[in-house]
Amino acid sequence: MNACLDEPRALQLRRLLETGLPLAARPYRQLAEQIGCSEQQVLEQVEQWQQVGLFRRVGLVLKHRALGFRANAMLVMDIPDEQVDEVGRRLGQAAGVNLCYQRPRRLPQWPYNLFCMVHGREREQVCQLIEQLLAEHGLSGVPHQLLFSTRAFKQCGGRFAPPAREVAHG
């Protein structure tokens with residue numbers, strides 16, 4: 001399948017998609033109007049991007065705090081390097097874990113290399129879930145910390161398209 005949109009329009013569409021679909025009966029038509037093309041061209045471009053693996057799916061990002069999920073914690077663990085892939089895969093599939101990823105340690109101050117985000121309505125509920133996860137996966141003895149969020153400054157999906165260039169007026 002050939003490119004459906006020229007490069008400037010495709011980049012505009014990527015920027016728009018990164019901010020989320022418009023809340024409209026025909027969101028792709030609305031996007032097409034914004035970039036000056038047809039709804040069919042937008043749909044074809046989105047399909048092409050999916051086929052080449054630019055994205056796997058179109059999802060929904062819920063603002064969990066607005067839904068009452070205010071006890072949000074990052075579980076950080078020091079997992080032996082030879083086990084981190086397997087443990088990460090298992091925890092990444094566990095109910096209640098919303099994000100799970102590996103990061104490099106920053107020794108000597110920061111020995112943790114596996115991170116799991118858990119959201120809950122009550123702090124005690126999150127603590128119990130973490131204890132249960134650690135026990136079920138044989139990780140209770142692994143060095144770890146539970147870091148609760150105290151304040152949200154920003155929440156949005158990923159932004160990967162380069163920013164639009166300012167047009168000089170003169």
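Two strands pair if DSSP finds at least two bridges between them. Helices (H or I, at least four residues) and strands (E, at least two) are DSSP runs, numbered from the N terminus. The model is predicted: local features need pLDDT of at least 70, side-chain atom pairs count only at pLDDT 80 or more, and totals for chains, interfaces and linings use all residues. Residues are numbered from 1 along each chain as its sequence is written, and side-chain values use heavy atoms, with hydrogens and water left out.

**Strand S1 and its partners**

By that rule, S1 and S3 pair in the antiparallel sense over seven bridges. Ala-71 has Gly-120 of S3 as its bridge partner. S1 also pairs with strand S4 (residues 144–148), again in the antiparallel sense, over five bridges. There, the bridge partner of Met-77 is His-144 of S4.

Buried means under 20% relative accessible area, exposed over 50%, and partly exposed in between (1.4 Å probe, protein chains only). Seven of the seven residues of S1 are buried, so the strand is largely enclosed by the rest of the structure. In a regular strand the side chains alternate between the two faces of the sheet. Both faces of S1 are covered. One side has Ala-71, Ala-73, Leu-75 and Met-77; the other has Asn-72, Met-74 and Val-76.

**Two cores**

A nonpolar core is a set of buried Ala, Val, Leu, Ile, Met, Phe, Trp, Tyr and Cys residues joined through side-chain atoms within 4.5 Å. The largest one here has 20 residues. Those with the most contacts inside it are Met-77, Ile-79, Leu-91, Leu-114, Val-126, Ile-130 and Leu-139. Strand S1 (71–77), helix H4 (84–92), strand S3 (114–120) and helix H5 (123–136) each supply at least two residues of this core. Apart from it lies another core, of eleven residues, among them Ala-10, Leu-13, Val-42 and Trp-49.

Contact means heavy atoms within 4.5 Å. Leu-139 touches Met-77, Ile-79, Val-87, Leu-91 and Leu-134, not counting residues up to four places away in sequence.

| H1 | Ala-10, Leu-13, Glu-18 | 135° |

The arc is that of the directions from the helix axis to the C-beta atoms.

Helix H1 (residues 7–18) has twelve residues. From its first C-alpha to its last, H1 reaches 16 Å, close to the 16 Å expected at 1.5 Å a residue. The expected span is 1.5 Å times one less than the number of residues in the helix. H5 has 14 residues and should span 20 Å; its end C-alpha atoms are 20 Å apart, which agrees.

Asp-6 caps the N-terminal end of H1, with a side-chain oxygen 2.9 Å from the backbone nitrogen of Arg-9. The buried residues of H1 pack against helix H2 (27–35) and helix H3 (39–51).

A glycine with positive phi follows H1: Gly-20, near 110°. H5 is followed by Gly-138, whose positive phi is near 65°.

**Local details**

Glu-39 is in helix H3. At 18% relative accessibility, Glu-39 counts as buried. A polar contact of 2.4 Å joins the side chains of Glu-39 and Arg-26. Such a contact is a pair of N or O atoms within 3.5 Å; within protein, one must be able to donate a hydrogen and the other to accept it, and residues adjacent in sequence count only if both atoms are side-chain atoms. Leaving aside neighbours within four places in sequence, Glu-39 is in contact with Arg-26, Tyr-28, Arg-29 and Ala-32.

Ser-38 sits in the loop between H2 and H3. At 31% relative accessibility, Ser-38 counts as partly exposed.

A cis peptide bond joins Leu-107 and Pro-108, with omega about 5°. Pro-108 is in the loop between strand S2 (97–102) and S3.
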